[in-house]
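I opened the model to look up its strands, its core and a few single residues. My entries follow in the order I made them.

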Amino acid sequence: MNAVDAKEIPAVYTTVGSPLGEVLLVGRASGTAPGGTALVSLSLPGQKGAAAVQDGWRREPGAFGAIEEQLAAYFAGGLTLFTLEYADSGTEFQRRVWRALEEIPYGSTVTYGEIAQRVGVSGAGVRAVGTAIGRNPLLVVRPCHRVIGADGALRGYAAGLERKERLLGLEGALVS
């Protein structure tokens, strides 16, 4: 995934159906993104901290064609790596954590502690890593669902553990 600075660019949005419910896609125009739109947010129904349509945003379903194609291919089991551009957001620490998420291979899982280690924090820092993961604005495409507890249990997913379980099942990474 590539990042573009999203500041001051008006947002566009659309909603699309998925096996997880209606997805809200928010993006910003980009001359370098496939389809011309860099993804700002992908939110699921009932998600904690989900994006909400704001005044001034424009509904533009056609702006998300390339993103929708990749999502459809992922949910059909034919895509294992998203290749799209996303709009940069978050603090420097959050971006470090989110980059670590992007490195988790399809069909595998890592623990919160492993992510903490990858970004150079330990001890109480694991909690900060969990918080950063919980603020990931790009559910599904930035695979925070692949992070599990040290004991192998499914823990924390902003869109609910049932959806985390479905995503891991789709990828063949369910833990027992």
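**Strands.** I began with β3 (23–29) and β4, which pair in the antiparallel sense over six bridges. Strands here are DSSP runs (E, at least two residues), as helices are (H or I, at least four), numbered from the N terminus. Two strands count as paired if DSSP finds at least two bridges between them. I looked up Arg28 and found Ala38 in β4 as its bridge partner.

Before going on I noted the ground rules. This is a predicted model, in which local features need pLDDT of at least 70 and side-chain atom pairs count only at pLDDT 80 or more, while totals for chains, interfaces and linings use all residues. Residues are numbered from 1 along each chain as its sequence is written, and side-chain values use heavy atoms, with hydrogens and water left out.

On its other pairing, β3 runs antiparallel to β2, joined by six bridges. Thr15 stands opposite Leu24 of β3. The two strands β2 and β3 make a hairpin with six residues between them. Gly21 in that turn has a positive phi of about 110 degrees.

Is β3 enclosed or open? I found six of its seven residues buried, so β3 is largely enclosed by the rest of the structure. Buried means under 20% relative accessible area, exposed over 50%, and partly exposed in between (1.4 Å probe, protein chains only).

**Helix α1.** I listed the buried residues of α1 (residues 65–75): Ala66, Ile67, Gln70, Leu71, Tyr74 and Phe75. They lie on the same side of α1, because they cover an arc of only 165 degrees around the axis. The arc is taken from the directions from the helix axis to the C-beta atoms. The cover over these buried residues includes β3, β4 and α5 (161–170). Contact means heavy atoms within 4.5 Å. Gly77 follows α1 and has a positive phi, near 85 degrees.

**Core.** I then checked the largest nonpolar core, which has 40 residues. Such a core is a set of buried Ala, Val, Leu, Ile, Met, Phe, Trp, Tyr and Cys residues joined through side-chain atoms within 4.5 Å. Leu25, Leu39, Leu42, Leu71, Ile115, Ile133 and Val140 have the most contacts inside it. At least two core residues come from each of β2 (11–16), β3, β4, α1, α2 (92–102), α3 (112–118) and α4 (125–134). Another core lies apart from it, with six residues, among them Tyr13, Leu24, Val40 and Ala87.

Leaving aside neighbours within four places in sequence, Leu71 is in contact with Leu25, Leu42, Phe82, Val140 and Val141.

**Loops.** Val140 sits in the loop between α4 and β8 (147–148). Val140 is not a glycine, yet it has a positive phi of about 75 degrees. It counts as buried because its relative accessibility is 2%.

I found Gln47 in the loop between β4 (37–43) and β5 (58–59). Gln47 has 10% relative accessibility, so it counts as buried. Its side chain reaches the backbone nitrogen of Leu44 at 2.9 Å. Not counting residues up to four places away in sequence, Gln47 touches Leu42, Leu139, Ala158 and Ala159.

Last, I looked up Gly78, in the loop between α1 and β6 (85–88). Gly78 counts as exposed because its relative accessibility is 65%. Its C-alpha atom is separated by 31 Å from that of Gln117, 39 residues apart along the chain.

Notes
Polar contact = N/O pair within 3.5 Å; in protein donor to acceptor, adjacent residues only side chain to side chain.
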